[in-house]
Amino acid sequence: MMKDIRKVVNGVSLILKEVGKHGSELGNQPSSDILHSLVKNTASFFGLTRGHLHHFQPPDSHININNNPSSDNVSSSDSPIVYFNADDPPSPSPSPISPEIAAVPLNKRRKPRERKVPSNRFSRAFGFASLGAGLAWGAAQESTKRLMFGNNNSSTSSTSAFLSDQNAERLALALCRMRGAALKIGQMLSIQDESLVPAPLLAALEIVRQGADVMPRTQINKVLDAELGPNWSAKLTSFNYQPMAAASIGQVHEAVIQDGMHVAVKIQYPGVADSIESDIDNLKMLDDTLGLVPKGLYLDRVVEVAKEELSRECDYELEARNQILFRNLFSDKTGFYVPLVVQELSSKRVLTTELVPGIPIDKVASLDQETRNYVGKKLLELTLMELFTDPNWSNYLFDEPTRMINLIDFGAARDFPKTFVDDYLRMVVACANCDRDAVIEMSHRLGFISGMESDIMLDAHVQAGFVVGLPFSKPGGYDFRSTNITQSLSNLGATMLKHRLTPPPAEAYSLHRKLSGAFLACIKLGAVVPCRELLFEVFERYNFGEENGQMSESTV
């Protein structure tokens with residue numbers, strides 16, 4: 001109990017530290033604005049307010065305008081769809097409702113909240129500090145309740161007081177409001193296997209995965225005006241202010257360009273790119289204060305990798321170049337499609353691409369077994385071709401009529417050193433063949449182990465490699481419906497956390513997430529996939545390099 005009280009004090013101290021740290025910024029703001037920000041952030045993160053419910057109009061309600069959409073009359077309109085100089089509405093969209101939203105049962109959908117993105121350093125830092133205080137306060141309340149009334153709920157008896165239902169909801173709502181780096185990390189956690197995540201946190205992460213809060217129309221117009229110029233609407237016949245999806249870095253809107261093509265317009269949240277480093281530093285400070293992450297996870301290394309990845313994902317010009325590259329590379333690949341980039345409506349903070357139909361991969365689990373096997377095989381094939389896309393379930397859309405997997409997010413695309421990819425592939429094959437000596441040799445060359453590990457750590461590391469290699473170990477279809485890979489890795493992970501001497505190499509975070517993302521997708525689908533045949537088909541065609549430092553052209 002005293003530990004929880006200390007954490008409450010630590011949480012409140014975070015707020016006071018942030019007010020003191022950003023005192024110079026506060027001096028430039030009117031006192032009424034400062035008071036409003038303090039009250040709103042404190043109330044929101046302690047769960048007293050939840051924003052304004054965003055009510056969307058039916059798709060057929062619309063207005064026709066002839067002026068710039070950032071004008072007051074448009075900003076105040078309740079219609080989600082605006083038509084620009086059009087006598088007749090355009091043809092129906094190939095995907096009029098967000099695939100992610102459409103796939104969620106009505107009674108389980110989180111209704112979107114319309115709230116401005118906190119865009120200055122003080123509002124974001126104070127938000128994290130208030131979240132810390134709120135979580136500490138919630139934990140103290142839960143501990144007091146358990147002490148006084150006992151814990152008769154078997155499902156929560158082994159759960160930390162920090163992971164109470166109220167704290168899980170508080171965390172989810174805070175991440176959805178803050179967006180940016182905080183929400184991105186939450187979404188990365190949401191793809192973990194359900195058996196490894198406590199039920200309250202799993203429910204919170206499902207809220208996070210469904211999407212962030214949405215920007216109000218005035219804030220959307222400001223971003224579009226700044227990025228595309230005040231006359232951006234002249235290139236469109238319509239724009240839907242109801243977002244198809246609201247994610248960690250930006251939200252996506254449907255529009256129709258002058259030639260009639262339906263497009264997806266991804267708009268980055270203001271201030272997110274500039275706040276990545278401070279956001280992650282604030283998250284780390286939150287963990288340092290409340291002690292949420294085990295030391296064996298080497299949070300410092302994770303933080304550095306996260307900063308690099310998020311900085312790259314915030315550069316939409318880089319993402320556009322990656323998407324154009326892979327559209328060309330995949331032009332002759334059966335079963336995959338990369339949408340067209342509309343360059344005249346794209347910039348560093350806005351990315352416009354062809355709108356493609358489909359449902360998220362995890363929703364394919366409701367389809368027939370043959371379809372699930374097909375999708376699982378194509379996803380693993382995609383992974384083994386060393387295309388790296390962010391393994392968020394909504395970044396792949398399956399179009400059932402054409403049996404096409406549409407790839408829609410290249411923000412996480414990157415190059416790796418050729419030598420690293422060569423040895424990583426060799427290690428996967430060694431794991432598949434249960435070759436202990438080769439696993440140790442490749443692990444040392446890649447930097448997973450230092451060579452000074454105890455026998456306990458070395459055995460756990462090798463066994464973990466064999467578990468990962470299990471789907472590739474035998475010819476024929478591997479049945480992901482009966483696998484216990486994630487539970488086995490979880491059991492070994494406790495040993496490795498305790499005895500690990502060095503953090504994994506930075507490149508491994510991305511490559512591991514790629515491979516684990518493919519496995520988890522197959523598990524969610526319950527697919528039966530000929531994994532070994534796919535692996536060795538790639539291995540036999542792979543061109544291993546000789547020159548150190550050469551970059552891999554096939555790994556992105």
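Buried means under 20% relative accessible area, exposed over 50%, and partly exposed in between, with a 1.4 Å probe and protein chains only. This is a predicted model, where local features need pLDDT of at least 70, side-chain atom pairs count only at pLDDT 80 or more, and totals for chains, interfaces and linings use all residues. Residues are numbered from 1 along each chain as its sequence is written, and side-chain values use heavy atoms, leaving out hydrogens and water.

Q: Is Cys-434 buried, exposed or partly exposed?
A: Let's take its accessibility. The relative value for Cys-434 is 46%. That lies between the cut-offs of 20% and 50%, so Cys-434 counts as partly exposed.

Q: How many disulfides does the structure hold?
A: A disulfide is a pair of cysteine sulfur atoms within 2.5 Å. For Cys-434, the nearest cysteine sulfur belongs to Cys-431 and is 8.4 Å away, and Cys-434 is in no disulfide. For the structure, the number of disulfides is 0.

Q: How many of the 20 residues of H19 are buried?
A: Helices are DSSP runs (H or I, at least four residues) and strands are E runs of at least two, numbered from the N terminus. H19 covers residues 506–525. This helix is largely enclosed by the rest of the structure, because its buried residues number 14.

Q: Which residue of E12 is the bridge partner of Phe-336?
A: Two strands pair if DSSP finds at least two bridges between them. E8 and E12 (residues 404–407) run parallel and are joined by 2 bridges. In E12, the partner of Phe-336 is Ile-405.

Note on methods:
The expected span of a helix is 1.5 Å times one less than its number of residues.
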